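Please read the following walk through a protein model with the coordinates open beside the text.

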Amino acid sequence: MPLEKYSLGIGDRFGREGRAQLRALEAARRQGVRITPVWNKSNREHTIIGTSPEDTRRSADQAVRACGWTDAYYVDADHIGPATVDKFIGSCDFFTIDIADLIGQPPPAGEESAFLRAMSGLKGTLRLPGLETPIEVTDSLLAGVAAKYLSAVAEAGRVQARIAEKKGTGGSLTEISLDEAGAAQTPDELFFILAAIARQGIPVRTIAPKFSGAFLKGIDYVGDVEKFAREFDADLAVLEAAKQRFGLPGDLKLSVHSGSDKFSLYPVMRRAILRRDAGLHLKTAGTTWLEEVIGLASAGGEGLRLAQDIYAQALARFDELARPYLAVISIDPSALPSAGEVAAWDPRAFVGALQHDPICPWFNPHFRQLVHIAFRIAAEMGERFTDLLETYREPIETHVTENLFDRHIVPLFLDDSGSERR
Ligand SMILES: [Zn+2]
């Protein structure tokens, strides 16, 4: 099962927007670019919403049938580990093994010295094709990678073995994610992490390092775009070299867990993948849920009232909702409008504050981040929410498709001027 060059993680919290999401990918295909849809959903999301991986599989299959989508598609067990892998095995064919929590644990006995021995031939100045700055392979670089990452990679090996035991080899695709680590990995470290992954025999197809800067939920990148550009480009070179040198799968590519909407990075990533003829997997997640709220609000009436209620409850339960996301949100409570203010908004004001249009004077990134993490409230509303999703199907689907296509697919996969146009 090869993974296509370009793929998009299209998280869909409530599993109702698969058709609208596929329409965006169909539009890309009409313009000559094939992008493989991957419906990613983490255990945390399933727990908060009260869904199971079987629900994600069912929604994906239904959307694919309804649209007559004939290309590949996958269902991703996002951010799983040894404790959660089993419940995803039956329904998923893409597994994102999250090893961030094990970074820095002491390596298994004997593994450290075996790794250092195996890598000793690379010591000195290592020039990799396409990598501007050679890697100075020192004892301290190798020992540092061993101490930080070997036990994490060994855990990925155990989870991979579990998946292979149940699904056979070749029955699924594997991603390894480090993006929730405390510190970014340098390209030099990434090269040797890939060496360790190859030594474990893991057929890794996508790898998600932690990049410099902040990838906050639902808003643009916060950090030094130039620095990101250099790091991303060096990572691409390192991946290509690691494939050759360590015998990793030929379709191995970078995965960017965007937290949605990293608009300022899209042109940079696009230039780099085109220049290097590299593939890319981009995960978005909450952007589709936010379009559901935008679609409801834009319709006025009951839809707007529901969106206003979601916000009022989210504001009242701010601390509780924020707790699991503290590392990936930056909300200034003093910049949040009161529930009373929002209750008086018309559709234009609500959509203006929520929609991710950085140059719109009404756009409020604090408001947007709070609504991003407020999907628990909608889940608790049960049928009141899901019924209105059906009542307002048309505006919601229009927003979901246009958002995915215009704001994500065009600037990243189709058109260099995409991000400047907005
Ligand atoms: Zn992630």
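A residue is called buried if 20 or more other C-beta atoms lie within 10 Å of its own, exposed if 12 or fewer do, and partly exposed in between, with C-beta atoms placed from the backbone. Helices (H or I, at least four residues) and strands (E, at least two) are DSSP runs, numbered from the N terminus. Residues are numbered from 1 along each chain as its sequence is written. The model is a predicted one, in which local features need pLDDT of at least 70 and side-chain atom pairs count only at pLDDT 80 or more, while totals for chains, interfaces and linings use all residues.

Two strands are said to pair if DSSP finds at least two bridges between them. On one side, E8 pairs in the parallel sense with strand E7 (residues 173–177) over four bridges, and Ser177 stands opposite Ala208 in E8. E8 also pairs with strand E9 (residues 253–257), again in the parallel sense, over two bridges, and here Ile207 has Leu254 of E9 as its bridge partner.

A crossover is right-handed if, with the strands pointing away from the viewer, the path from the first strand over the helix to the second runs clockwise. E7, helix H7 (residues 187–199) and E8 form a right-handed β-α-β unit, and E8, helix H8 (residues 225–246) and E9 form a right-handed β-α-β unit as well.

Strand E1 (residues 6–10) also has five of its five residues buried, so E1 is largely enclosed by the rest of the structure. Tyr6, Leu8 and Ile10 point one way from E1, whereas Ser7 and Gly9 point the other way, and all of them are buried. Five bridges join E1 to strand E10 (residues 280–284), with the two strands running parallel, and Tyr6 has Leu280 as its bridge partner in E10. E1 pairs in the parallel sense with strand E2 (residues 36–42) over three bridges, where the partner of Ser7 is Thr36. From E1 the chain crosses through helix H1 (residues 18–30) to E2, and this β-α-β crossover is right-handed.

At the level of domains, whose bounds come from an automatic or database domain assignment, the protein is divided into domain 1 (6–286) and domain 2 (288–402). Their centres, taken over C-alpha atoms, are separated by 29 Å. Counting two residues as in contact if their C-beta atoms, placed from the backbone, lie within 7 Å, the contact between the domains takes 24 residues from domain 1 and 24 residues from domain 2. The elements giving two or more residues to the side of domain 1 that touches domain 2 are H1 and helix H2 (43–49), and the largest share of that side, four residues, comes from H1.

Phe405 lies in helix H18 (residues 393–414) and, with 19 C-beta neighbours inside 10 Å, counts as partly exposed. Leaving aside its neighbours within four places in sequence, Phe405 is in contact with Ala24, Ala27 and Val410.

Confidence is given by pLDDT, the predictor's confidence in each residue, from 0 to 100. The protein averages a pLDDT of 95, and 98% of the residues score at least 70. Over residues 418–422, however, pLDDT stays under 50, and for these residues the model has seven contacts beyond four places in sequence.
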